[in-house]
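Here is a short briefing on charged pairs and a surface patch. Keep the structure in view while reading.

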Amino acid sequence: MITCIAIDDEPLALELLKDYISKVPFLKLVAVCSDAFEAMEVLRLHTVDLVFADIQMPDLTGFQFISCLKVKPIVIFITAYNQYAVDSYDLDVVDYLVKPVPLERFIKACNRARELHELKTGKSPSTANTSDHFFANVDYSQLKIRFDDIRWLKGYGDYIKFHLKSQEQPLVVRMSFKDLERILPPGKFIRIHKSYSVALAEITAIRKNSLFLGDQEFSIGESYREEVEKWVRSGN
């Protein structure tokens, strides 16, 4: 089950949202809230996986509410205004719905949220252990990335650069290394530095404190050297 809350300052909209949520079998509604401050208190007391939030609300907008959260749940914005759609993706929301929302469109958004939740928790039959790909938010689209197309990855802040075999320019994805390591297939990649992970199949040489992917040289971080040496000793 995916726990969720609904936030909207319009009672009728909140009631309709509550009804929609009740029709989705994998959602468990924890609370309905009329403003962001009420929602903050709910998040303080409960573990919430998914937030349905209006944007235009008194005191704190939906954008401001999500931005100030230290631990961000999955977010679906539901609003009467379509002009905020592009801005919403800066917050890495899973979907953006414009009122009035047809039930089938709502369910489609919920399915997207479920896929992302399963990727993060590793509970999906199609997660890294069995799948050959995953979908990532890139330029406001869900882009399919095949694991065997990845050569190496570089993390910086809340973003990761995916350096692929199939293209020269890296893909920039808003994702933490912690989230990434939940979805990468085991035994295919190795973390060699706090900012780098490489595909094991791409490694061509290891020399002292450096690792090579062809002509590209990477420094092996002190904290990761033992893991690299263990892999070398294993002969894989």
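Arginine 146 is partly exposed, at 35% relative accessible area (buried means under 20%, exposed over 50%, partly exposed in between, with a 1.4 Å probe and protein chains only). This is a predicted model: local features need pLDDT of at least 70, side-chain atom pairs count only at pLDDT 80 or more, and totals for chains, interfaces and linings use all residues. Residues are numbered from 1 along each chain as its sequence is written, and side-chain values use heavy atoms, leaving out hydrogens and water.

**Salt bridges**
- The structure holds 11 salt bridges (a side-chain nitrogen of Lys or Arg within 4 Å of a carboxyl oxygen of Asp or Glu).
- Arginine 146 pairs with aspartate 148 in one of them, at 3.7 Å from N to O.
- Aspartate 95 bridges to arginine 112, with the closest N and O atoms 3.1 Å apart.
- Aspartate 95 sits in strand E5 (residues 95-98) and arginine 112 in helix H5 (residues 103-121), so the bridge ties together parts 17 residues apart in sequence.
- Helices (H or I, at least four residues) and strands (E, at least two) are DSSP runs, numbered from the N terminus.
- Aspartate 95 is buried at 1% relative accessibility, while arginine 112 is partly exposed at 30%.
- Glutamate 202 and arginine 151 form another salt bridge, their closest N and O atoms 3.0 Å apart.
- Both glutamate 202 and arginine 151 are buried.
- Asp8, Asp54 and Lys99 are linked in a salt-bridge network.

**Strand E9**
- Tyrosine 159 lies in strand E9 (residues 159-164).
- Tyrosine 159 is partly exposed, with a relative accessible area of 34%.
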